[in-house]
Amino acid sequence: MTDNKLNVIEFENLKDKLLNRNITLIDVREPKELKEDGKIPNSVNIPLGQIVDAFKMSESAFQSKYGVQKPDEQSDPFVLSCRSGKRATDAFQKLSALGYNNISVYSGSFQDWVKNGGPIEK
């Protein structure tokens, strides 16, 4: 993936990887939205406004704050989602600028997940 080209992941592919815990899904919505609407199981919440600072943290600080291993810039694929896809795309641009090149964006994000009948954690 070069030139910050958006790499998009679709529902079925994401669902399989998530349920098998083969991918990290980062939800960039605000905590309030997750409380009101629920969240995709196994996703990690890092609000868009904190995403750059989060990915500049040390691995141990990231792990202790978010409860998951910090993705490696080059080798660990991860997926960004939000409510409809716009903020996930913003986060993608910000993290690409930091050198992360193994990112996918779940286009449609939470709305698409719900529409496809994906399970939700409240």
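Ile-26 is buried, with a relative accessible area of 1%; buried means under 20% relative accessible area, exposed means over 50%, and partly exposed lies in between, using a 1.4 Å probe and protein chains only. The model is predicted, so local features need pLDDT of at least 70 and side-chain atom pairs count only at pLDDT 80 or more, while totals for chains, interfaces and linings use all residues. Residues are numbered from 1 along each chain as its sequence is written, and side-chain values use heavy atoms, with hydrogens and water left out.

Ile-26 belongs to strand S2, residues 24–27. Helices (H or I, at least four residues) and strands (E, at least two) are DSSP runs, numbered from the N terminus. Which residues does Ile-26 contact, leaving aside its neighbours within four places in sequence? They are Val-44, Ile-46, Ile-51, Phe-55, Phe-78, Val-79, Leu-80 and Ser-81, where contact means heavy atoms within 4.5 Å. Ile-26 and Pro-47 are 21 residues apart in sequence, and their C-alpha atoms are 8.9 Å apart in space.

The next topic is the sheet. Its 5 strands form an open sheet in the order S1-S5-S4-S2-S3, and the pairing is parallel. Two strands pair if DSSP finds at least two bridges between them. Strand S1 (8–9) and strand S3 (43–45) stand at the edges with a single partner strand each, so one side of each has no neighbour in the sheet. S1 is joined to S5 by 2 bridges, and the bridge partner of Ile-9 in S5 is Tyr-106. Between S4 and S5, which also run parallel, there are 3 bridges. Leu-80 stands opposite Val-105 in S5.

In a regular strand the side chains alternate between the two faces of the sheet. In S5, Ile-103 and Val-105 point one way, Ser-104 and Tyr-106 point the other way, and all are buried. Strand S4 contains Ser-81, which counts as buried because its relative accessibility is 0%. Apart from neighbours within four places in sequence, Ser-81 is in contact with residues including Leu-25, Ile-26, Ile-40, Ala-88 and Tyr-106.

Next come the nonpolar cores. A nonpolar core is a set of buried Ala, Val, Leu, Ile, Met, Phe, Trp, Tyr and Cys residues joined through side-chain atoms within 4.5 Å. The largest has 20 residues, and those with the most contacts inside it are Ile-46, Ile-51, Phe-55 and Leu-80. Two or more residues come from each of helix H3 (51–56), helix H4 (59–66), strand S4 (78–81), helix H5 (86–97) and strand S5 (103–106). Of these elements, H5 gives the most to this core, with 4 residues. A second, separate core has 11 residues, among them Ile-9, Val-79, Tyr-106 and Trp-113.

Why does Phe-55 count as buried? Phe-55 counts as buried because its relative accessibility is 3%. Not counting residues up to four places away in sequence, Phe-55 touches Ile-26, Ile-46, Phe-62, Lys-70, Pro-71, Phe-78, Leu-95, Leu-98 and Tyr-100.

Some of the rings can also be described as pairs. Rings of Phe, Tyr and Trp (its six-membered ring) pair if their centres lie within 6.5 Å; planes under 30 degrees apart count as stacked, over 60 as edge-to-face and the rest as tilted. By this rule the count comes to 7 aromatic pairs. Phe-55 and Phe-62 form an edge-to-face pair, with 5.3 Å centre to centre and 65° between the planes. Phe-62 and Tyr-66 form a tilted pair, with 5.1 Å centre to centre and 55° between the planes. Both Phe-62 and Tyr-66 lie in helix H4, 4 residues apart, which is about one turn of the helix. Phe-62 is buried at 0% relative accessibility, and Tyr-66 is buried with a relative accessible area of 13%. Ring pairs link Phe-55, Phe-62, Tyr-66, Phe-78 and Tyr-100 into a cluster.

The charged end of Arg-29 sits over the ring of Phe-110, 4.2 Å from its centre. A charge sits over a ring if NZ of Lys or CZ of Arg is within 6 Å of the ring centre and within 35 degrees of the ring normal.
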